[in-house]
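Please look through the structure below with the ring pairs, salt bridges and open space in mind. The paragraphs after it take these topics in turn.

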Amino acid sequence: MTHSLAAIDPFYAACLSLPASQAQDEPAKPIYVRLPLAPVTASPVPHLTSLYHFHRAGEYGDRSYPGNCGGNLIKDLLTYFRTKGLVCDPMSGSGTCSDVCKELGIPCMSWDIHQGIDACDPQGIASEATFDFIWAHPPYWRQKLYAADERDLSRAPTLEQFLHRYGLFIRNAARALKPRGKLAILMGDYVDREAGFVPLCYHTKRLAFVHGLRQHCVDIIRFSHGASSSTKVYRSSFIPGLHDVCCIFEKTA
């Protein structure tokens, strides 16, 4: 049985050749995984698939800003959708989206809670059909605190209050999209010390559907290269999350 498993799984075979102490005690080393082959399509961005790997952040925004996600995914989405009209980033952080739009020659409006503009307020985003594309990278509730402003989503004291205000933001974004406009939200699940596992990706979809949006395409699983948590050592046992999810929604009318 051992020999048949070794023949099927070369990684298992390699483990058999290690001394027991080495196999159990050595720090984990990076594992390079071969991704599935993607079919050839007419996409203007062939490497944009449901598995998004880009180890280099790109020259957009400020990587030292808490929660900065890099601009390559934004660039690829705007290129894929051939966006030429007005783009909005109402949670701009260090200005990653506007940097990408400037490079691509696309008009962009961006602001942030640090400038006193609350995207969850009806006045925080234009109330009429204005934008062709809205990019949003909201706080993953209180996983990481951003602004001292109590209106900041990361300052919501309970999950219920976070979801209420998050829903207000998605409602505002839906109203501000032009028909056939796209809303791209990058969100991640996490484990909260008090609330336990918080499935924010599920809630993102639920709230988007409530406010009349439909999912446009497959989820994009973005590998979290460079996350600060990847260099930490934890005493507790858990399954680490190594990705977040970009959901693309469309306004139908």
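Rings of Phe, Tyr and Trp (its six-membered ring) pair if their centres lie within 6.5 Å; planes under 30 degrees apart count as stacked, over 60 as edge-to-face and the rest as tilted. By this rule there are five aromatic pairs. The model is a predicted one, in which local features need pLDDT of at least 70 and side-chain atom pairs count only at pLDDT 80 or more, while totals for chains, interfaces and linings use all residues. Residues are numbered from 1 along each chain as its sequence is written, and side-chain values use heavy atoms, with hydrogens and water left out.

One of the pairs is formed by Tyr 80 and Phe 81, edge-to-face with 5.1 Å from centre to centre and 80° between the planes. Phe 81 is buried at a relative accessible area of 19%, where buried means under 20%, exposed over 50% and partly exposed in between (1.4 Å probe, protein chains only). Tyr 80, at 35%, is partly exposed. Ring pairs also bring in Phe 133, so that Tyr 80, Phe 81 and Phe 133 make up a cluster. Tyr 234 and Phe 238 form another edge-to-face pair, with centres 5.1 Å apart and planes at 85°. Both of these residues are partly exposed, Tyr 234 at 41% and Phe 238 at 42%.

On a 1 Å grid over the protein atoms alone, a cavity is a set of points where a 1.4 Å probe fits but cannot get out, and a pocket is an open set with protein on both sides within 12 Å along at least five of seven lines; lining residues have an atom within 4 Å of a point. Grid points are joined across faces, edges and corners, and the volume is the space filled by probe spheres set on the points. The second largest pocket holds about 350 Å³ of space. It is lined by 18 residues, of which Thr 41, Ser 43, Leu 48, Thr 49 and Tyr 80 are the closest to its centre. The lining has 13 nonpolar residues, five polar and no charged ones, with Ala, Val, Leu, Ile, Met, Phe, Trp, Tyr, Cys and Pro counted as nonpolar, Asp, Glu, Lys and Arg as charged, and the others, Gly among them, as polar.

Next come the charged pairs. A salt bridge is a side-chain nitrogen of Lys or Arg within 4 Å of a carboxyl oxygen of Asp or Glu, and the count comes to 11. In one of them, the closest N and O atoms of Asp 192 and Arg 142 are 2.9 Å apart. Asp 192 lies in strand E6 and Arg 142 in the loop between strand E4 and helix H6, so this pair ties together parts 50 residues apart in sequence. Helices (H or I, at least four residues) and strands (E, at least two) are DSSP runs, numbered from the N terminus. Asp 192 is buried at 7%, whereas Arg 142 is partly exposed at 25%.

Strand E10 takes part in two further bridges. Arg 222 and Asp 244 have their closest N and O atoms 2.8 Å apart; Arg 222 is in strand E9 and Asp 244 in strand E10, so parts 22 residues apart are tied together. Both Arg 222 and Asp 244 are buried. Arg 214 forms a salt bridge with Glu 250, with 2.9 Å between the closest N and O atoms. Arg 214 lies in strand E8 and Glu 250 in strand E10, 36 residues apart.
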